Amino acid sequence: MDRPEIGISFAPELRLFVASPRREGRTTVRTDGASTLGHVVESLGVPLTEVGALLVGGRPVPDAHVPADGDEVAVHGVTRPQQLAGPPRFLLDIHLGTLTRRLRLLGIDAAYENPDVGDAALAARSAAEQRVMLTRDRGLLRRRELWAGGYVYSHRPAEQLRDVLSRFAPPIVPWSRCTSCNGLLHHATKASLHGRLRDGTEHSYDVFAECADCGQVYWRGAHHASLNAVVEAALHEFGPSSANNPSTSLM
Ligand SMILES: [Zn+2]
């Protein structure tokens, strides 16, 4: 039996995943006549976590569609914001430490493994805790166990943050989560913290919060301006927390 030949084209944001001849527009590929379209797309280098609609002759088809000879396939990227099957929670790989802290600064649930636990353990945690796996590692995004995944395009933390916020639109509740451990912060007073602050800190600052998990104490300190700039930029572009989120900032 002849192997079917199909035409295929990829959305611009997916072209970095495919071999250079396929980045210019429509190319052809011969399939084995049995593989699904999802498998064909993945075998050409595109993680399915990054794929939105699959169209054949302009009509949407599922991943499980088996391409026939002459099919003209268009592979779209995910629609932003992307709908998830649960609340937006994240898991970041070892290379995304700065992005992790910035997400937490905005009150977004961002788990992080350090030291590196390996792809299998990361994928298992994504599944167990229903977290979106954020990574620049395409191999990790091909793990079947993942609950959901997102490829992080940029090397630069500021662009990485915008990418994640625009893609998943998580509610932003600044200063509500511990940047060290991802725990939730609660209000703390000088009285409740007495004896745990250096004198200079106790006398100079009024606003305190404490991590419920690790006990880290936060106050409006010397580094606040740079962190505040990250928060203000995120709020300016992506808005405050959604109206149905009752959480409030603590600082
Ligand atoms: Zn903490």
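This is a predicted model: local features need pLDDT of at least 70, side-chain atom pairs count only at pLDDT 80 or more; totals for chains, interfaces and linings use all residues.
Where is the place of Ala169? Ala169 sits in the loop between α5 and β10.

**View 1. Four cysteines hold the zinc ion.** The protein donors are the SG atoms of Cys178, Cys181, Cys211 and Cys214. They lie 2.3 to 2.4 Å from the zinc ion. The angles among the 4 donor atoms run from 99 to 115°, and the site is tetrahedral. For four tetrahedral donors the ideal angle is 109.5 degrees. Along the sequence, the donor residues follow the spacing C-x2-C-x29-C-x2-C. Cys181 belongs to the loop between α5 (157–168) and β10 (185–188), and Cys214 to the loop between β11 (208–211) and β12 (217–219), so this pair ties together parts that are 33 residues apart in sequence. Cys181 is partly exposed, at a relative accessible area of 29%. Cys214 is also partly exposed, at 43%.

View 2. Helix α2 covers residues 97–105. Its buried residues are Gly97, Leu99, Thr100, Leu103, Arg104 and Leu105. In an α-helix, residues three or four places apart point the same way, because there are 3.6 residues a turn. What do the buried residues of α2 pack against? Three strands take part: β6 (90–92), β7 (110–112) and β8 (132–135). After α2 comes Gly107, with a positive phi near 80°.

**View 3. Thr100 within α2.** Thr100 has its place in helix α2. Is Thr100 buried or exposed? Thr100 has a relative accessible area of 1%, so it counts as buried. With neighbours within four places in sequence left aside, Thr100 is in contact with Leu92, Ala110 and Tyr112.

**View 4. Aromatic pairs.** Across the whole structure, a search finds 5 aromatic pairs. One of them joins Phe90 and Phe168. Their ring centres are 5.5 Å apart, the planes stand at 70°, and the pair is edge-to-face. This pair links distant parts of the chain: Phe90 is in strand β6 and Phe168 in helix α5, 78 residues apart. Both Phe90 and Phe168 are buried. Tyr151 and Tyr153 have ring centres 5.1 Å apart and planes at 85°, so this pair is edge-to-face. Tyr151 is buried, with a relative accessible area of 5%. Tyr153 is partly exposed, with 26%. Ring pairs link Phe17, Tyr151 and Tyr153 into a cluster.

**View 5. An open sheet of 5 strands.** In what order do the strands of the open sheet lie? The order is β2-β1-β5-β3-β4, and the pairing is mixed. β2 (27–30) and β4 (59–61) stand at the edges with a single partner strand each, so one side of each has no neighbour in the sheet. From one strand to the next, the twist averages 35°. Inside the order, β3 (residues 51–56) pairs with β5 (residues 72–77) in the antiparallel sense, over 4 bridges. Leu54 has Val75 in β5 as its bridge partner.

View 6. Most peptide bonds are trans. The bond from Arg80 to Pro81 is cis, with omega near -5°. Pro81 lies in the loop between β5 and β6. Asn114 and Pro115 are also joined by a cis peptide bond, with omega about 5°. Pro115 is placed in the loop between β7 and α3 (119–129).

View 7. Most residues other than glycine have a negative phi. Gln130 has a positive phi, near 50°. The loop between α3 and β8 holds Gln130. At 35% relative accessibility, Gln130 is partly exposed. Ala169 is not a glycine either, yet its phi is positive, at about 45°. Ala169 lies in the loop between α5 and β10. With 45% relative accessibility, Ala169 counts as partly exposed.

Key: Residues are numbered from 1 along each chain as its sequence is written. Side-chain values use heavy atoms; hydrogens and water are left out. Donors are N, O and S atoms within 2.8 Å of the metal (3.2 Å for Na, K and Ca); water is not among the atoms, so sites may look incomplete. Four donors count as tetrahedral if all angles lie between 85 and 135 degrees; four count as square planar and six as octahedral if opposite donors are over 155 degrees apart and all others between 65 and 115; anything else is irregular. Helices (H or I, at least four residues) and strands (E, at least two) are DSSP runs, numbered from the N terminus. Buried means under 20% relative accessible area, exposed over 50%, partly exposed in between (1.4 Å probe, protein chains only). Contact means heavy atoms within 4.5 Å. Rings of Phe, Tyr and Trp (its six-membered ring) pair if their centres lie within 6.5 Å; planes under 30 degrees apart count as stacked, over 60 as edge-to-face and the rest as tilted. Two strands pair if DSSP finds at least two bridges between them. Axes are lines fitted to C-alpha atoms, for helices over the stretch in contact, and angles run from 0 to 180 degrees between N-to-C directions.
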